[in-house]
Amino acid sequence: STIGRFGLGFNSCYHFTDLPSFVSADSLCLFDPHRRHLPGGHAGARCALVAPEARARLRDQLRPFAEALPLFTADPSSADGAAGNGEVPPPEEIEWPLQATLFR
């Protein structure tokens, strides 16, 4: 099987975005192979999310992940699977490290 061979599966994400990113545990990782979006022309970055100040500084980059978290933390025993009051907490108020990996 060639699935997952030579990174071809991940590389297909570049058909959808120029800057794929993911959060896992206490890190935000960004990939910019064309060196167009990250400061300093870097091809990638890994940002530690341990300190609330770091999460506040990266608030815009973390917002899409924060909006997706209720999908994974919903209470399956409730009638509608709702997660709390439906409000998305600011990234600096989310409990870190995450017990998941989310890709964007």
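Phe10, Phe31 and Phe103 form a nonpolar patch on the surface, with about 290 Å² of accessible area together. Patches here join residues with over 30% relative accessible area and no salt bridge: nonpolar side chains (Val, Leu, Ile, Met, Phe, Trp, Tyr) within 5 Å, like charges within 9 Å. A salt bridge is a side-chain nitrogen of Lys or Arg within 4 Å of a carboxyl oxygen of Asp or Glu. Areas come from the Shrake-Rupley method with a 1.4 Å probe, and for residues only the protein chains shown count as cover.

The model is predicted: local features need pLDDT of at least 70, side-chain atom pairs count only at pLDDT 80 or more, and totals for chains, interfaces and linings use all residues. Residues are numbered from 1 along each chain as its sequence is written, and side-chain values use heavy atoms, without hydrogens and water.

Phe31 lies in strand E2, residues 27-31. Its relative accessible area is 31%, so Phe31 is partly exposed (buried is under 20%, exposed over 50%, partly exposed in between, with a 1.4 Å probe and protein chains only).

Now the whole chain. It has 3 helices and 4 strands, in the order α-β-β-β-α-α-β from the N terminus. Helices (H or I, at least four residues) and strands (E, at least two) are DSSP runs, numbered from the N terminus. Of the 104 residues, 25% are buried.

What about the cysteines? Cys13 is buried at 18% relative accessibility, and Cys29 is buried at 11%. The structure holds 0 disulfides (cysteine sulfur pairs within 2.5 Å). The cysteine sulfur closest to that of Cys29 is in Cys47, 7.9 Å away, too far for a bond.
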